[in-house]
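I opened this model to look up chain contacts, helix packing and charge pairs. My notes follow.

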Amino acid sequence: MGLFAGCGDQHPSPRFALNKKTLELDKIAREPIVKALQENFGEPNRLIAWQKFPFDYGVADPKAADASRHEAGWRLKEGRELYMRHCLHCHGVSGDGDGPTARFLNPRPRDYRAGVFKFTSTLSGLKPSHDDLKRTLQNGIPGTTMPSFIVLEKGPGNEENLDLIVDYVRWLSARGELELKLVSELAAMGGRKSEIEQRVAEGKKGESSDTLESIMADLKKSIADGFADALQESASDLADSWARVEQPESVVRPKVKRTRPDQESIKRGRAIFLSKEAKCADCHGPAGLGNGSLTEDFWDIPNTNPVQKYKRPGLHDAWGEPQMPRNLTSGVYRGGRRPVDLYRRVFAGIKGTQMPAFGTVLNDAQIWDVVNYAMSLPFHGEQSPYPEEAPEAAPAKKVASSQH
Amino acid sequence: MRKAWSLFFLAAAVVAVAACWAAPGMHWWFPQKSPGGHAVSPLGNQIDDLFYLILVITSVTFIGTQAMLAFVLWKYEAAPGRRSAFTHGSHSLEVIWSVVPAGIMLFIALYQMDVWARYRIQSRFDPYAFEHPIAEVTARQFEWRIRYPAPGKTLQAKPQPDDLYTVNDFHIPLGRPVMFQLRSDDVLHSFFLPHHRVKQDAVPGMTIPVWFESTQTGEFELVCAELCGWGHYKMRGQITAQREEEFQEYLKKLSQSQFDDGVLAANAAGAQQAPAGEEKP
Amino acid sequence: MSTLNPAHPLGHAHSGDDAHTHHELSFVRKYVFSTDHKIIGIQFLCTTLLMLMVGGSLALGVRWQLAFPWKTMPIIGPLLFSSQGGVVPPEFYTMLFTMHATVMIFLVIIPILAGAFGNFVIPLQIGADDMAFPTLNMLSYWFMWPAIGFFMSSFFVEGGGAAAGWTSYPSLSAQAAAAPGSGAGQTLWLMGVTFVGVSSMMGSVNYMTTIINMRAPGMTLFRMPTTIWAMFITAILQAFALPVLTAAGFMLLMDRLVGTCFFTPGGLIINNAEPTVGSGQILLWQHLFWFYSHPAVYIMILPAMGMVSDMISTFSRKPLFGYKPMVYSLSAIAGLGFIVWGHHMFMSGMNPYLGMTFMLSTMMIALPSAVKTFNWLGTLWGGNIQFTVPMLNSLGFVSMFIVGGLSGIFMAAVPVDIYIHDTYFIVAHFHYVLFGATMFGVFGGIHYWFPKMFGRMMNESVGKVHFVLSFIGFNCTFFPMHLLGVAGMPRRLADPYNYPYLAHLLPMNQFMTYSAILMGFAQFLLLGNFFYSMFKGKKVGRNPWNANSLEWTAPSPPGHGNFDILPVVYRGPYEYASPLVEEDFLPQTRRLTPEQMAAVKPPATAH
């Protein structure tokens with residue numbers, strides 16, 4: 001565990017805000033979480049590099065020209081600096097997607113604390129790889145307010161900038177997700193304020209023998225017995241999930257190359273798109289305009305008891321935000337426009353959204369047909385180029401004639 | 001003691017002139033990519049020349065008027081028993097200081113017309129560049145999206161299936177005028193290349209052809225110069241000027257990576273590298 | 001009994017207009033909803049000085065972010081953004097500079113010149129007992145307050161105040177989704193501007209009527225002081241230009257509230273809101289806005305030019321050099337001011353041939369400014385210069401106006417403007433004109449007419465210290481902006497150092513911020529001096545400066561109705577050092593006997 005001080009020139013110093021769910025816990029149950037986060041992650045100006053996670057925090061480099069790199073943990077610290085300058089306003093100090101600018105943006109900036117990222121190259125349900133996040137930073141997310149940061153890595157000395165940001169974001173995400181995991185552990189131990197109040201009320205009515213004191217004593221005992229283990233276990237799980245995505249087998253890779261995007265393929269793709277098995281049209285609409293019938297239903301809010309419905313019709317994502325199925329005719333591809341990107345969207349779905357993974361339903365050839373169909377939609381059925389057919393470089397003659 | 005006021009006003013002018021004199025040495029002058037901070041485009045150099053022409057004229061005027069001010073404050077401060085000259089003006093002086101500045105102003109205005117015409121009037125554009133725009137640059141909050149035609153094809157007003165896309169990273173060939181179409185998706189932006197002395201607002205609803213020529217290879221900043229919202233300062237892009245062959249090679253690579261189906265590239269790269277390497281565009 | 005300072009004996013003197021003086025007015029009618037032009041002028045002055053401090057604080061917020069980007073902003077940071085470590089978010093920065101410009105232009109400079117000095121000086125200098133329409137005059141002041149209310153309340157609505165720049169270019173200002181400040185804040189901004197416009201319009205009508213109809217006997221047009229000429233021309237400018245802004249503002253308001261589309265083309269998807277419909281024109285707003293706002297730039301300087309001409313002549317103890325050329329150049333500036341608006345739009349994508357014509361007209365408008373400068377120097381030449389506080393500020397005006405005028409030539413030249421457009425060079429230029437020139441003119445005017453307003457003098461030493469600190473602070477803040485502009489630093493960037501080619505300019509920006517803080521605190525000297533002297537200053541008589549124009553023949557402060565003796569005008573206002581009399585000044589009202597006239601043969605004059 002490496003501990004190091006940050007720059008102290010800010011007053012007041014920025015703080016990692018607690019998750020709303022943590023605040024639903026009773027003070028006694030909240031305390032160990034706050035302590036665990038303080039001890040293992042610190043505060044923005046006092047970062048702690050927890051070696052449990054598979055992130056590169058930066059090894060001490062005594063020979064580096066930059067004196068700040070002589071200490072271990074410099075990568076995390078530099079990542080923090082970059083994050084605070086370029087990302088903070090939208091994604092917030094703690095990566096909760098609730099910076100001061102966030103509420104004016106549509107869609108809202110990502111809340112990293114759920115540990116879910118939409119556009120990845122990895123299998124369904126997995127975290128994004130380091131390179132997935134870096135790609136998002138490089139290209140931005142077209143059609144949203146996430147801009148491209150590709151120029152941040154240009155110029156001497158800046159090559160690693162995006163990697164630094166990615167690692168800081170992954171660290172923030174791990175911190176936020178660990179907090180959530182601990183909250184559910186403590187909720188299971190009976191630490192929720194609402195639950196305690198209910199039990200006290202029941203005790204008073206004589207329905208049970210609980211009193212506030214007995215409940216608290218139980219809770220304290222459970223925490224003393226189980227929290228340390230729960231912390232270690234949750235952290236290990238998380239560390240594993242982040243490590244796993246860097247393994248080759250976690251990446252979605254087509255087994256056969258893309259089918260030639262001729263009219264036949266497009267037609268087959270359209271058939272699949274409209275079929276009852278794939279049901280693409282239910283959300284994306286029969287013409288791919290993103291206006292399928294399911295976008296007009298009122299949906300249940302997950303994990304509510306009794307079941308509540310969203311106030312607005314249409315699909316909602318894992319963050320509870322309204323979510324529009326993509327209009328496939330617009331030619332804007334948030335997760336990247338390469339055929340392989342579209343393949344992955346179909347194969348593994350889009351994490352945290354209602355776009356399901358079709359990898360087990362459709363075979364590779366079928367997915368390619370769907371991809372070919374989707375890629376032809378912005379051009380009214382005109383086929384997209386095939387890599388082998390991509391035209392050669394411009395003829396040299398024309399170029400020569402342009403010299404004046 | 002009262003002479004101090006003359007010196008006070010004089011000092012302000014002297015410091016101002018000294019600051020301008022020292023500025024190039026302190027890097028408070030034109031952005032430097034090339035030695036001496038010259039523009040890296042032919043038109044940019046002409047703009048600089050016009051700037052220096054005006055600088056000389058205004059400096060002479062500035063020094064002259066400020067020196068005059070200091071002089072009269074020095075010479076004509078109130079003294080007991082003295083009386084001002086009683087005059088209401090001089091017709092010939094008025095004529096002189098109306099006609100001479102008018103001549104200078106007219107000269108400046110007429111002298112500048114040609115550079116402006118070359119920059120903006122379409123009939124003066126390089127014909128090849130005008131007919132073969134190298135890209136369409138679309139500004140949006142808060143990035144520059146660039147659409148190249150496929151290598152060997154001409155840019156169409158509407159997107160084509162084989163168009164190539166990049167964001168914030170604009171490559172151009174060196175040594176010939178290049179023209180691109182400038183658009184905006186949402187609000188006003190302004191395409192500003194400080195090193196090339198190029199600036200043009202991107203206006204929603206308009207497609208504006210802009211041309212420039214880079215005389216130096218390398219990477220140059222692309223700045224948004226028109227307030228476009230809260231993230232205005234974030235809208236940084238980069239121009240990379242390359243030799244013609246390198247530029248064509250770049251387009252080819254871009255084409256390959258954009259139509260990557262995850263199999264071909266993996267095969268090409270072989271099993272030698274970690275799979276993560278394949279992801280890079 | 002309608003005087004500002006009942007203790008002053010001259011205030012009790014019988015005034016010219018009996019109808020107003022023979023009944024007691026309640027405190028509210030006398031000092032709050034007053035129809036007396038002097039009270040209204042002083043009300044304008046106090047309000048605008050207050051707003052000057054508000055606008056200045058906003059400017060310091062801007063400067064803080066430029067000098068210490070993403071560092072805890074004092075006071076505001078811990079108060080509003082403590083969870084971010086007191087760092088202001090970028091949209092807050094865009095709001096700061098937008099509201100700084102708005103407050104300074106609409107609530108300080110325009111009302112302090114036309115509202116405060118126009119009101120106070122016009123009737124006194126032309127020998128009238130009040131404005132032509134006293135009630136309208138009162139309304140003109142009170143219509144400022146809804147505007148102030150709209151602007152100030154916009155800070156507290158969701159998204160904060162307007163943040164699309166004071167120019168409010170659509171579609172940023174037209175679409176609520178485009179920026180946080182483009183929500184309710186922008187709507188309030190437009191309403192505020194409308195009220196300011198109404199206020200100015202009432203003033204403008206009043207000034208024109210008063211100057212045309214209510215001049216004292218003998219006060220021919222070419223015997224009016226240049227202040228009056230400047231106010232007159234300013235009023236004409238406002239009357240012709242303002243309706244255009246008001247109409248444009250209403251159109252934009254309709255675009256925002258009712259869904260018309262004057263200024264927004266169709267198909268724009270902004271922040272994933274519904275695509276816009278219609279086929280409006282973005283550039284239409286720019287044309288309409290600048291058709292008002294370019295003349296407005298002259299509205300913001302012409303009155304100061306007039307005032308400074310008066311002060312320079314008075315304190316040089318010498319007739320104004322070239323009075324008629326001065327008046328003609330004022331008119332020329334006003335006339336040409338209507339055909340140069342396009343120079344704000346050289347890079348906007350309008351037809352490039354328009355760029356050429358606007359360059360020509362813009363170059364030509366530099367000419368009358370040059371003529372004026374030479375005439376000021378000509379006035380000083382051979383004078384008997386008294387370095388009083390108003391004179392020092394006037395000299396500051398001339399010195400700074402030279403810089404602002406010369407830097408204007410750079411941006412008038414279209415090719416050069418390609419590079420410097422929207423950089424700090426522009427910011428330097430208009431601050432030299434609007435602050436360096438106008439505000440020093442205003443500071444001079446405050447010191448000059450203060451004895452007439454309150455019958456007391458402002459403290460001379462404090463005034464000099466204030467001038468020196470302001471002058472140094474001003475130049476150290478704004479002169480380096482020229483260099484920033486040449487270095488290619490664009491305006492309105494919350495973090496210019498995000499661009500590597502600007503990173504090395506941080507120390508210079510810090511120096512400028514320290515200078516701005518010095519300049520800001522120097523203004524407390526002015527305020528302190530102003531309010532202290534109002535009650536404790538040295539008492540003076542009617543004509544403390546030995547000046548010629550009519551206001552100095554009225555009591556200090558003048559009673560309701562202004563003049564105890566109806567003034568009759570015999571000559572122009574600048575007869576200093578006249579050989580006809582012993583003293584070095586010859587008031588406009590003083591009647592000379594034929595013997596006195598014959599005693600000295602007046603020298604032949606050019607006019």
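**Chain B against chain C**

I began with polar contacts and found 32 residue pairs between chain B and chain C, both residues at pLDDT 80 or more. A polar contact here is a pair of N or O atoms within 3.5 Å; within protein, one must be able to donate a hydrogen and the other to accept it, and residues adjacent in sequence count only if both atoms are side-chain atoms. The model is predicted: local features need pLDDT of at least 70, side-chain atom pairs count only at pLDDT 80 or more, and totals for chains, interfaces and linings use all residues. Residues are numbered from 1 along each chain as its sequence is written, chains are lettered from A and ligands numbered from 1 in the order written, and side-chain values use heavy atoms, without hydrogens or water.

Next I looked for salt bridges between chain B and chain C, and the count is zero. The rule asks for a side-chain nitrogen of Lys or Arg within 4 Å of a carboxyl oxygen of Asp or Glu.

Which elements of chain B supply at least two residues each to the side that touches chain C? They are helices H1 (4-22), H2 (42-75) and H3 (91-120), with strands E7 (198-202) and E9 (218-224). Helices (H or I, at least four residues) and strands (E, at least two) are DSSP runs, numbered from the N terminus. H3(B) gives the most, 18 residues.

I then took the contact itself (heavy atoms within 4.5 Å). Chain B puts in 95 residues and chain C 114. The two chains bury about 9200 Å² between them, 73% of it on carbon and sulfur atoms. That is accessible area (1.4 Å probe) lost on being put together, summed over both parts. Phe86(B), Trp116(B) and Tyr233(B) supply 9% of the area chain B buries against chain C, more than any other three residues.

**Helix packing**

In chain C, H6 (134-142) and H7 (144-153) pack at about 10°, axes 4 Å apart. That makes them roughly parallel, the label for angles under 35 degrees. Ser140(C), Tyr141(C) and Trp142(C) of H6(C) meet Met144(C), Trp145(C) and Pro146(C) of H7(C).

**Salt bridges**

In chain A, the side chains of Asp98(A) and Arg108(A) meet in one, 2.9 Å from N to O.

How values were computed:
Axes are lines fitted to C-alpha atoms, for helices over the stretch in contact, and angles run from 0 to 180 degrees between N-to-C directions. Angles under 35 degrees count as roughly parallel, over 145 as roughly antiparallel, 65 to 115 as roughly perpendicular and the rest as oblique.
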